[in-house]
Amino acid sequence: VVVGYGTMRKSDVTGSISHVKGEDLKNLPTANIANSLGGRVSGVEFVSGGGGPGNSPSIRIRGTGTINSSDPLIIVDGIVGGYLRDYNPNDIESIEILKDASASAIYGTRAANGVVIISTKKGNKNEKVGVSLNAYTAVSNVVNKLDLLTASDLVMLKKERYINNGLAPDDFWDDPYYSVQRTDWQDAYFSTGTTNNIDLSIKGGSKRASFYTSLGYYNEQGTIEPSKFRRYSIRVNSDYQITERLKIGENFQFSLMNPEDVHGSFWDVLRYNPALPVKNEDDTWGSVGGNRDYIGDLNNPIMHNIIDSEKYSNLRLSGSITLDYKICDGLFLKGNYGVNSMSQVYKMFKPLIEGQPFPRPEAELRQSYSSEYTIVSETYLSFYRIFARKHTVNFSGGFSTEKYKGDQFGAERRV
């Protein structure tokens with residue numbers, strides 16, 4: 001298993017470590033590695049962050065350990081940082097989760113909530129070039145909808161309320177317009193969601209070199225318009241045996257994600273009057289108009305999902321170069337030098353709203369740009385030797401440096 005800056009036999013590990021093979025996660029219809037791990041690792045909770053496409057669950061290793069962020073440290077091919085949804089699950093070779101202090105101590109205080117170490121796939125030496133294509137399509141629907149009152153039943157109960165209080169029903173409820181069922185708001189709010197995934201990978205190797213390359217496309221349309229999540233990913237991993245003593249490797253990851261969420265409230269969907277249409281004959285949005293005291297002071301719940309727009313574009317680039325030099329039998333000089341960068345463009349537009357109980361007198365436009373990067377440099381010595389066939393000596397020592405920088409800029413206007 002992978003532990004900190006090296007590997008150990010599982011039988012020699014004294015700390016609490018869970019190991020998951022990448023094959024166990026292959027072709028699962030999820031955008032996020034964390035969603036694939038649910039129920040597979042003891043002592044680790046995956047708390048849903050919502051049902052939207054691409055939403056990331058919170059990972060809690062042995063409970064909540066701090067009043068601040070309780071998220072574990074994420075390490076992918078020796079590079080710290082990033083989010084699990086940035087990576088294609090089909091590129092994963094193995095995942096190690098370090099759960100206790102003795103297992104994660106080498107990473108210091110930042111590993112107080114545990115460590116998730118991800119190793120991606122690589123090619124093998126003397127392996128024939130192989131091509132693998134995986135694709136799947138899935139659909140999703142909301143099946144357990146709530147039973148709600150029809151328009152006529154609602155009018156009947158409203159009148160009974162007055163009668164039970166010893167009052168004459170208000171004339172408003174004698175209007176036949178509000179006894180006609182025009183919209184099932186749950187049917188109008190939900191739709192059929194789709195998921196499409198394509199992964200193409202090529203790997204192979206010669207006597208001195210090996211490589212693994214993959215292209216990935218993931219597109220999930222949610223059951224509520226316009227929620228969606230798209231991810232494009234490219235990965236290139238390779239190793240080269242330069243001399244009998246020196247080996248060089250590189251890992252490169254590119255991912256572009258476009259998530260979009262909804263703006264309406266499902267609570268409003270359940271409460272909105274079924275006699276009102278989604279849209280009127282003149283193409284205006286259905287509204288309670290001036291009758292908010294009778295049928296609720298709610299804006300049309302479908303309207304906000306359609307007219308409001310909030311989009312993200314996340315670009316992540318990460319790469320590293322590894323050096324492995326054999327000084328003598330059992331003693332190696334190792335280096336890992338890499339960068340992990342992310343840029344995000346955020347755009348939000350909300351037009352003015354008229355003819356609704358809660359109008360929006362001004363249109364709002366907001367746009368922001370943020371970027372960040374982390375540079376990692378690690379150099380260390382590793383010694384491993386077995387004596388008399390049963391005594392093992394294994395130690396590592398070195399130093400590591402990290403540099404982080406982030407910038408953000410935003411602007412907005414109301415008219």
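Tutor: We may start with Y272: leaving aside neighbours within four places in sequence, Y272 is in contact (heavy atoms within 4.5 Å) with W185, G286, S287, V288, L298, N299, N300, P301 and Q356. This is a predicted model, in which local features need pLDDT of at least 70, side-chain atom pairs count only at pLDDT 80 or more, and totals for chains, interfaces and linings use all residues. Residues are numbered from 1 along each chain as its sequence is written, and side-chain values use heavy atoms, with hydrogens and water left out.

Student: Which residues have the most contacts inside the largest nonpolar core?

Tutor: They are W173, Y178, W185, Y189, Y272, L276 and I295, in a core of 21 residues. A nonpolar core is a set of buried Ala, Val, Leu, Ile, Met, Phe, Trp, Tyr and Cys residues joined through side-chain atoms within 4.5 Å. The helix α3 (151-164) gives the most to this core, with three residues.

Student: Why is D77 called buried?

Tutor: Buried means under 20% relative accessible area, exposed over 50%, and partly exposed in between (1.4 Å probe, protein chains only). D77 has 16% relative accessibility and therefore counts as buried. D77 also has a positive phi of about 50°, although it is not a glycine.

Student: Why is N126 called exposed?

Tutor: The relative accessible area of N126 is 60%, so N126 is exposed. N126 likewise is not a glycine, yet has a positive phi of about 60°.

Student: What kind of peptide bond joins E225 and P226?

Tutor: The bond is cis, with omega about 0°.

Key:
Helix = DSSP H or I, 4+ residues; strand = E, 2+ residues; numbered from the N terminus.
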